[in-house]
Each structure stands twice: as C-alpha cells, then as structure tokens.
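Student: Before I use this model, I would like each label set against its cut-off. Can we go through them one by one?

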Amino acid sequence: QVQLVESGGGLVQAGGSLRLSCVASGRTFSNYAMGWFRQAPGKEREFVTQIKWSGGTTYYADSVKGRFTISRDNAKNTVYLQMNSLKPEDTAVYYCATGRYPLGYENNYWGQGTQVTVSS
C-alpha cells in the first residue's frame with residue numbers, strides 16, 4: 001500500500017508561481033513513476049506530468065511544457081511540481097499519483113488533491 005500527501009496549493013495571480021509537493025509513504029518500486037494530474041470544475045481529470053523513480057525520465061502535457069517542471073528527491077520519497085507563468089486555465093485540483101511506469105489513468109495510487117487557483 002502507498003499513501004500520498006500533497007501540499008503547496010493556493011491562490012496566485014496570473015503570471016505567478018507555485019510549488020506543489022507530494023510525499024509518498026509505504027512501498028515504492030524502481031519501475032514506478034510519480035506524477036500529477038489535475039481536474040478543473042466540470043471537466044475530466046487530465047494528465048499534467050510524470051517522472052520515473054529510476055532514471056528520472058519525464059513527460060509533460062503540451063499545455064504545461066516550458067512552464068511546469070517536475071523533480072524528485074528519492075531519499076525523501078518526494079516529488080515536486082514547480083509551476084511558473086501560471087494562467088487562469090491552470091486552475092484545478094491537482095492530484096499526485098504513483099503507479100507502474102508509465103502512468104495512465106487507471107491502477108494508480110492517488111493523493112487527496114490540492115487546490116490551485118489562478119486569478120486573472
């Protein structure tokens with residue numbers, strides 16, 4: 001079993017920055033990835049980014065490339081999401097997830113979510 005706890009959400013003006021953190025506890029595996037998904041009101045959950053625990057391979061959704069950066073600290077079982085140049089359309093609940101690499105929408109462990117609100 002894996003538990004994920006996110007932190008770092010909040011309210012920011014457009015153009016600003018936030019950093020989200022996700023701490024994993026319990027069993028983790030080198031062939032797992034950790035990542036972030038988000039869900040805006042009235043919309044389906046969408047993939048944002050992921051990083052493989054071993055090797056650090058990363059993937060990003062086109063909508064966040066060049067603005068968001070995912071990183072990991074294996075010693076702390078923690079993944080970070082640095083979000084720069086935030087836009088109102090980035091407003092959503094952000095969920096941390098972990099599962100077998102590459103992450104999809106199924107068979108993941110999920111965090112409880114953290115709200116990110118970007119005002120215009």
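Student: Where is Gly 111 found?
Tutor: Gly 111 is found in the loop between β10 (109-110) and β11 (114-119). Strands here are DSSP runs of E with at least two residues, helices are runs of H or I with at least four, and both are numbered from the N terminus. This is a predicted model: local features need pLDDT of at least 70, side-chain atom pairs count only at pLDDT 80 or more, and totals for chains, interfaces and linings use all residues. Residues are numbered from 1 along each chain as its sequence is written, and side-chain values use heavy atoms, with hydrogens and water left out.

Student: Why does Gly 111 count as buried?
Tutor: Buried means under 20% relative accessible area, exposed over 50%, and partly exposed in between (1.4 Å probe, protein chains only). Gly 111 has 12% relative accessibility, so the residue counts as buried.

Student: Which residues is Gly 111 in contact with, leaving aside neighbours within four places in sequence?
Tutor: Contact means heavy atoms within 4.5 Å. On that basis Gly 111 is in contact with Leu 4, Glu 6, Tyr 95 and Cys 96, with neighbours within four places in sequence left aside.

Student: Cys 96 brings up another label. What makes Cys 22 and Cys 96 a disulfide?
Tutor: A disulfide is a pair of cysteine sulfur atoms within 2.5 Å. For Cys 22 and Cys 96 the S to S value is 2.0 Å, and a disulfide joins them. The pair links distant parts of the chain, with Cys 22 in strand β3 and Cys 96 in strand β9, 74 residues apart. A search of the whole structure finds 1 disulfide.

Student: Why is the disulfide of Cys 22 and Cys 96 called left-handed?
Tutor: The torsion about its S-S bond is about -85°, so the disulfide is left-handed. Both Cys 22 and Cys 96 are buried.

Student: Is Arg 38 buried or exposed?
Tutor: Arg 38 has a relative accessible area of 5%, so the residue is buried. The place of Arg 38 is in strand β4 (residues 32-39).

Student: What joins the side chains of Arg 38 and Glu 46?
Tutor: A polar contact is a pair of N or O atoms within 3.5 Å; within protein, one must be able to donate a hydrogen and the other to accept it, and residues adjacent in sequence count only if both atoms are side-chain atoms. The side chains of Arg 38 and Glu 46 are joined by a polar contact of 2.6 Å. Another, of 2.9 Å, joins the side chains of Arg 38 and Asp 90.
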